[in-house]
Amino acid sequence: SKSGRHGSSVGVGDGVVRRHHPASKMWDGMSANLSKYACRFSDWPWPEDASAFPSAEEMHGYLEGYADAFLHATPSPCDFQLECRVFNVEQSPKSSSSPDSETTGQRDANSNYKVEWTDLSTRTTHSRDFGGVVVATGFFHAPQLPSFLEKYREGREEDERRPRLIHSSEYRSRRPFRDENVAVIGSSFSALEIAADVSRSAARVASVSPSVPWVLPRWV
C-alpha cells in the first residue's frame, strides 16, 4: 500500500493488484517485535499514548488510520484490484534500454511494463501498462513444513492419539495448550515469541533450534 501510494506520487504507476485481502497471522496478546519508534511510516507518527511495543489491536488501528488518511481519500492515489492472479509481467518493446543504460544503471524515462491478470471473482482477464512494477508478494504467506512432518500430519488424521502438530501461522492462543508439554521448533521471531507466550499456559515448553539464539530484553 505504501509503495503503491508513493509510486503514484512519482508517476511510475497508480495501481495495486493483489491476489488476496490481507490475511492475519496474529494471536491473542501478540505485540510488535519492533518499537513504535522504529516500526512506523515516516509521514504517519504514532499517537503519543500508543504502547512502546504496540499490540496487534494498536497496529491494526495505526494501519487503518494510515489507509483512511492516504489511500481511501477522494480521489484515491491508488486503484486497488483485489482477488486477482497476475500471470504475466513483461517490459514493453518501446521500453528497451537506452545505449548508455548499462553504464548509468538507468532506464529510459518513458519505459513501461505490461501487467496481465485474471480477476478471480469474475474470471475475466485484464491488461494494463505501468511506468514501473514493484513485486511485493512476500514469502511468509504459505506455511512451509518438511515433508516428514507433512506425512505426520496426514497420519494424525487417522490416529488422533498422536500429539498435535501446527505451523506457527496456525497459532492463535495459548489456551488450548494449558498444562501440556509443548515443543517449539525454530529460533526466528515467531518461534521465540510463541514459546514465550505458550509458556504462560503450558506445563513445560522446550525450544528446539539449530543453535542458541541471542535473546535480548526489550528494555535495556
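Me: Which side chain makes a polar contact with the side chain of glutamate 116?
Reply: At 2.6 Å, glutamate 116 has a side-chain partner for a polar contact (N or O atoms within 3.5 Å; within protein, one able to donate a hydrogen and the other to accept it, and sequence-adjacent residues counting only if both atoms are side-chain atoms). Bear in mind that this is a predicted model, where local features need pLDDT of at least 70, side-chain atom pairs count only at pLDDT 80 or more, and totals for chains, interfaces and linings use all residues. Residues are numbered from 1 along each chain as its sequence is written, and side-chain values use heavy atoms, without hydrogens or water. The partner is the side chain of asparagine 88.

Me: Glutamate 116 has no salt bridge, so how far away is the nearest side chain of opposite charge?
Reply: A salt bridge puts a side-chain nitrogen of Lys or Arg within 4 Å of a carboxyl oxygen of Asp or Glu. Glutamate 116 is buried (under 20% relative accessible area; exposed is over 50%, partly exposed in between; 1.4 Å probe, protein chains only). Lys and Arg count as positive, Asp and Glu as negative, with His and the chain ends not counted. For glutamate 116 the nearest opposite charge is on lysine 114, at 4.2 Å.

Me: Which residue in β5 stands opposite tryptophan 117?
Reply: β4 and β5 pair in the antiparallel sense over seven bridges. Tryptophan 117 stands opposite a β5 residue, histidine 126.

Me: Is threonine 118 buried or exposed?
Reply: Threonine 118 lies in β4. Its contacts (heavy atoms within 4.5 Å), not counting residues up to four places away in sequence, include Glu83, Arg123 and Thr125. With a relative accessible area of 13%, threonine 118 is buried.

Me: What is phi of arginine 123?
Reply: Arginine 123 is in the loop between β4 and β5, and it is exposed, with a relative accessible area of 63%. Most residues other than glycine have a negative phi. Arginine 123 isn't a glycine, yet its phi is positive, at about 60°.

Notes: Pairing = 2+ DSSP bridges. Helix = DSSP H or I, 4+ residues; strand = E, 2+ residues; numbered from the N terminus.
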